[in-house]
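Colleague: I'm new to this one. Can you walk me through it?

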Amino acid sequence: MSGNLPVQSVTADYAQRVADDLAANRSEQERVRTELARLQDELVRLEDSEQVLTKMQDVLGGAPKQAVKQGKGRKGAAVPAARGSNSKTAAGKPAAADRRKASKKAVSPKKAGEPTWLELTTAYLGGQSEPRSAAEVAASLTEAHPERTVQVTVVRNSLEQGVAQGLLERSKQGRSVFYSPTAPASAPSGS
């Protein structure tokens, strides 16, 4: 019997360490997901800005070559031009980069005055009586907004951003994740 006592103690210690490591891992995953959602939103904003600036450049009659010539004297303007052209080809993946750029251009961008994905997802969930999965939300947004290209990953990231901001709640049922609006008491009201 005395021989079993240390084994049980070691087993309990390892079980506790594994549980602690698992909790730390899950916490880190959540932190990374939140950061990823923030970065993806920032990327969308930057892409929108790029499109607006490109349209403005076209309206002003400035060709990209003229902008590069003017920007050679400034360090800030030369760096993006170098990143956009040489770094992708040096990596040997210009075709994949061009496809990604082309697919982003083909996707109907958010126009000025249109709601963000976060606004669309929270508004949709606000009108639901029970939690919905990211796929269900994406399908409903596709029906409601046929002019916008809805991607499940974008919707999922928007939902996670809503959770991070306290606008939405996440619940798990097995391996499925469902989202619902936070309780009305936690949402500030205009009254």
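Colleague: Which residues of the largest nonpolar core touch the most other members?
Modeller: Leu125, Val137, Leu141, Val150, Val155, Leu159 and Tyr179, out of 14 residues in that core. A nonpolar core here is a set of buried Ala, Val, Leu, Ile, Met, Phe, Trp, Tyr and Cys residues joined through side-chain atoms within 4.5 Å. Buried means under 20% relative accessible area, with a 1.4 Å probe and protein chains only.

Colleague: Which elements give two or more residues to this core?
Modeller: Helix H5 (117–126), helix H6 (134–144) and helix H7 (152–164). Helices are DSSP runs of H or I, at least four residues, and strands are runs of E, at least two, numbered from the N terminus.

Colleague: Is this an experimental model or a predicted one?
Modeller: This is a predicted model: local features need pLDDT of at least 70, side-chain atom pairs count only at pLDDT 80 or more, and totals for chains, interfaces and linings use all residues. Residues are numbered from 1 along each chain as its sequence is written, and side-chain values use heavy atoms, leaving out hydrogens and water.

Colleague: Back to valine 137. What does it touch?
Modeller: Leaving aside residues up to four places away in sequence, Val137 touches Thr121, Tyr124, Leu125, Arg132, Val155 and Leu159. Contact means heavy atoms within 4.5 Å.

Colleague: Which residues of H7 are buried?
Modeller: Val155, Asn157, Ser158, Leu159, Glu160, Gln161, Gly162 and Val163. Just after H7, glycine 166 has a positive phi of about 80 degrees.

Colleague: And the whole chain: how many helices and strands?
Modeller: There are 7 helices and 2 strands. Along the sequence, the pattern is α-α-α-α-α-α-α-β-β. Of the 191 residues, 19% count as buried.

How values were computed: Buried means under 20% relative accessible area, exposed over 50%, partly exposed in between (1.4 Å probe, protein chains only).
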